[in-house]
Amino acid sequence: MNEMPEIKVLPPIVFPGTTARHEAAYRTAHDFLSRRAPREALQVLEPALDQEPENRGLRSLRAWAYLMRAQLQKATDELTGLVADDPADAWSRHALGRALERQSRYDDALPHLRLAAAMTGDPEHEYDVLRVERLAGRLQ
């Protein structure tokens with residue numbers, strides 16, 4: 001009697017023209033990622049990155065999509081490039097540390113996580129450092 005009707009979730013819609021310019025592709029991909037739809041975000045990002053392969057905003061979104069899809073080596077490669085291009089990018093550095101952590105590469109992750117924590121002062125970043133130090137066996 002109190003049965004709830006089944007709610008169906010439809011796939012996201014990509015409207016024509018949303019990938020024609022990198023600004024539109026960025027907004028569309030960001031929207032997909034915020035709704036946890038990384039596959040659709042990548043479908044929007046790839047054509048835009050073909051036109052502008054060095055666009056940091058698009059590359060950051062692609063790295064985020066790779067992280068969400070647990071494509072950790074692709075995420076690591078993308079984030080390594082982003083950090084090399086801009087060592088002061090705290091988001092890329094922290095995301096690289098998290099990608100390395102998820103691959104159980106704790107010693108590789110720690111320098112990135114520590115630097116991101118120092119750059120931002122974010123307590124969550126500091127917690128990530130402590131967690132990885134413990135996983136690496138540096139804390140008891």
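Reply: Happy to! Helices here are DSSP runs of H or I with at least four residues, numbered from the N terminus. Keep in mind that this is a predicted model. Read along the sequence, the protein chain gives the pattern α-α-α-α-α-α-α.

Me: How many helices and strands does the protein chain have?

Reply: There are seven helices and zero strands.

Me: How should I read the angle between α2 and α3?

Reply: An angle over 145 degrees counts as roughly antiparallel. Helix α2 spans residues 38–51 and helix α3 residues 56–68; they pack at about 150°, their axes 9 Å apart. The two helices are therefore roughly antiparallel to each other.

Me: Is the crossing of α2 and α3 left-handed or right-handed?

Reply: Their crossing is left-handed. On the α2 side, the contact is made by P38, L42, L45, E46, A48 and L49, and α3 brings L58, R59, L61, R62, A65, Y66 and M68.

Me: What classes of residue make up the contact of α2 with α3?

Reply: It has 10 nonpolar residues, three charged ones and no polar ones.

Me: Stepping back to the whole chain, what share of the residues is buried?

Reply: Buried means under 20% relative accessible area. Of the 140 residues in the protein chain, 40% are in that class. The chain exposes about 8,600 Å², with carbon and sulfur atoms supplying 53% of that area.

Me: And which share of contacts joins residues at least 24 apart?

Reply: Take the contacts between residues at least 6 apart in sequence: 45% of them join residues at least 24 apart.

How values were computed: Residues are numbered from 1 along each chain as its sequence is written. This is a predicted model: local features need pLDDT of at least 70, side-chain atom pairs count only at pLDDT 80 or more; totals for chains, interfaces and linings use all residues. Side-chain values use heavy atoms; hydrogens and water are left out. Axes are lines fitted to C-alpha atoms, for helices over the stretch in contact, and angles run from 0 to 180 degrees between N-to-C directions. Angles under 35 degrees count as roughly parallel, over 145 as roughly antiparallel, 65 to 115 as roughly perpendicular and the rest as oblique. A crossing is left-handed if the near helix is turned anticlockwise from the far one by less than a right angle, and right-handed if clockwise. Contact means heavy atoms within 4.5 Å. Ala, Val, Leu, Ile, Met, Phe, Trp, Tyr, Cys and Pro count as nonpolar, Asp, Glu, Lys and Arg as charged, and the others, Gly among them, as polar. Buried means under 20% relative accessible area, exposed over 50%, partly exposed in between (1.4 Å probe, protein chains only). Accessible areas come from the Shrake-Rupley method with a 1.4 Å probe; for residues, only the protein chains shown count as cover.
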